[in-house]
Amino acid sequence: MWIGWLELDLLLGDVHSLKEKRSVVRPIVAELQRRFAVSAAEVGDQDVHRRATVGVVLVAADRHHVVEVLDAAERLVAQRPEADLLSARRGLQTSDD
């Protein structure tokens, strides 16, 4: 079993309140969940209205599949016009570790 995670640091565009931030971040998280069948959530910077940290986690039997899905999820977020992807960190490990 392979476990992969991705932590995405985002700078949000024209956002002036936490309510506006939610209206940008929630669709990103929902699209990640829908398109890739991953667990995704806002996991950091929750009190800062122009920044967001989104976490993505995937478990699969095949390492290649985990890497492929995490790459696609990162590309999807990077292409969103309402948020700039500042950095992406990732981890990958087996259940044997």
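Predicted model: local features only at pLDDT ≥ 70, side-chain atom pairs only at ≥ 80, totals over all residues.
Let's start with the overall tally: the structure holds 8 salt bridges.

| Salt bridge | Closest N and O atoms |
|---|---|
| Arg80 with Glu31 | 2.3 Å |
| Arg90 with Asp71 | 2.9 Å |
| Arg90 with Glu74 | 2.9 Å |

**Arg80 and its partners**

Arg80 and Glu31 form a salt bridge, with 2.3 Å between the closest N and O atoms. This pair links distant parts of the chain: Arg80 sits in the loop between helix 2 (63-78) and strand 4 (83-94), while Glu31 belongs to helix 1 (residues 18-36), 49 residues apart. Are these two residues buried or exposed? Both Arg80 and Glu31 are buried. They also take part in a network of salt bridges that links Glu31, Arg35, Arg80 and Glu82.

**Arg90 and its partners**

Now over to Arg90, which forms a salt bridge with Asp71 at 2.9 Å. Arg90 is in strand 4 and Asp71 in helix 2, so this pair ties together parts that lie 19 residues apart in sequence. Arg90 also forms a salt bridge with Glu74, again with 2.9 Å between the closest N and O atoms. Glu74 is in helix 2 and Arg90 in strand 4, so here the parts tied together are 16 residues apart in sequence.

How accessible are the residues around Arg90? Arg90 itself has 36% relative accessibility and counts as partly exposed. Asp71 is partly exposed at 29% relative accessibility, and Glu74 is partly exposed with a relative accessible area of 24%.

Note on methods: Residues numbered from 1 in each chain as written. Heavy atoms only, no water. Salt bridge = Lys/Arg side-chain N within 4 Å of Asp/Glu carboxyl O. Helix = DSSP H or I, 4+ residues; strand = E, 2+ residues; numbered from the N terminus. Buried < 20%, exposed > 50% of the residue type's maximum accessible area, 1.4 Å probe, protein only.
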